[in-house]
Amino acid sequence: MLQSSNSDFLSGNATYSHTPGDYSWEGLRTTDWNMLLVVKGEGCKVVSNGKTLDLPRGSLTLIAPGYPRFFLKKRVIQIIWFHFQMNNNINTEPTWPERIPGFQQIQLPETEFRRVLRDLLEAHLLDDERPKGWFPLACGLIGNAFNRGNMITASEKDQEDSRIILAKKLLSDISVQTDMDAVAARCGMSRAMFYKHFKNAMGISPRQYREAYQLRKAQILLSISHHTLAEIAVAINMRDVYYLSKRFKKKYGISPSAYREREQAYPSYSSQN
């Protein structure tokens, strides 16, 4: 952590009211860390290097030094904000998700929102009055917000891991046709969110994962059985022989019939590719 003094610490509790049309302002002190809690209102955004991040009510956002920040708002909005340098009084590194480069953000559940709001209001009051010994106390309250954010992030990761495990189980069940909307719903996500989280976790889309599983089963059946290609297509729930042949050759560089001939001619080589 960097050393800092209380001169590096600045905070505010601002309400931006209605104005004709949109209202915008540029964030200053870009050499500092900047933390924002949106207390009330919707329709606020921050823009940095051409990337836009929404700032809904209950969002806690941490902006790293060196990133420009230009704020836009359409409605009345209340924000508690802080500028500070990392220091020995803030002994927690935030592990929140980075939404756009340099901008970490979490969405606080209502109970945690109230707790963080209480801490940050107290930190702002300490900064405003600056009684003796205020600085380490204010930094400690900032650290509390970091810790709560880290706890929420870890909890969401555990939940996401369990959802990905369920998704893999559902996608691997080739005895039934798979409706991606139904799989997403079973995992508690919208289709778009499901595709995004699955690809982030696995590196491939849900459809690609299922197809890879189907084609691996086809490999095994071609190696150890005498089922026709049409029977294998039915067994792995691929729509027809022609589609199976096309996808198999694209993945493995060899047709299903040629693969079967090679594998069954040399059983010891079976299923090694």
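Reader: Is Q105 buried or exposed?

Author: Buried means under 20% relative accessible area, exposed means over 50%, and partly exposed is in between (1.4 Å probe, protein chains only). Q105 has 9% relative accessibility, so Q105 counts as buried. Keep in mind that this is a predicted model: local features need pLDDT of at least 70, side-chain atom pairs count only at pLDDT 80 or more, and totals for chains, interfaces and linings use all residues. Residues are numbered from 1 along each chain as its sequence is written, and side-chain values use heavy atoms, with hydrogens and water left out.

Reader: Where is Q105 found, and with which residues is Q105 in contact?

Author: Helices (H or I, at least four residues) and strands (E, at least two) are DSSP runs, numbered from the N terminus. Q105 sits in strand β10. Contact means heavy atoms within 4.5 Å. Set aside the neighbours within four places in sequence. Q105 then touches L53, D54, L55, S59, L60, T61, W96, P97 and R99.

Reader: In what order do the strands of the open sheet stand?

Author: Two strands pair if DSSP finds at least two bridges between them. Here six strands form an open sheet, ordered β1-β8-β3-β6-β10-β9, with antiparallel pairing. The edges are β1 (10-16) and β9 (98-100); each has a single partner strand, so one side of each is left without a neighbour in the sheet. Neighbouring strands are turned by 25° against each other on average, direction ignored.

Reader: How many bridges join β3 to β6?

Author: Four bridges join β3 (residues 33-40) to β6 (residues 59-63), and the two run antiparallel.

Reader: At what angle do α4 and α5 pack?

Author: Helix α4 (residues 191-202) packs against α5 at about 60°, with the axes 9 Å apart. That makes α4 oblique to α5. R191, F194, Y195, F198 and M202 of α4 meet P206, R207 and Y209 of α5.

Reader: How many aromatic pairs does the structure hold?

Author: Rings of Phe, Tyr and Trp (its six-membered ring) pair if their centres lie within 6.5 Å; planes under 30 degrees apart count as stacked, over 60 as edge-to-face and the rest as tilted. The structure holds 13 aromatic pairs. In one of them, F9 and F82 have ring centres 5.9 Å apart and planes at 65°, so the pair is edge-to-face. F9 is in the segment before β1 and F82 in strand β8, 73 residues apart. Both are buried. F9, F82, W134 and F135 form one aromatic cluster.

Reader: What about F248 and Y259?

Author: Their ring centres are 5.5 Å apart and the planes are at 65°, so this pair is edge-to-face. F248 lies in α7 (residues 241-252) and Y259 in α8 (residues 256-265), so the pair ties together parts eleven residues apart in sequence. F248 is buried, at 0% relative accessibility. Y259 is buried, at 1%.

Reader: Which residue lies over the face of Y243?

Author: A charge sits over a ring if NZ of Lys or CZ of Arg is within 6 Å of the ring centre and within 35 degrees of the ring normal. R239 lies over the face of Y243, at 3.9 Å from the ring centre.

Notes
Axes are lines fitted to C-alpha atoms, for helices over the stretch in contact, and angles run from 0 to 180 degrees between N-to-C directions. Angles under 35 degrees count as roughly parallel, over 145 as roughly antiparallel, 65 to 115 as roughly perpendicular and the rest as oblique.
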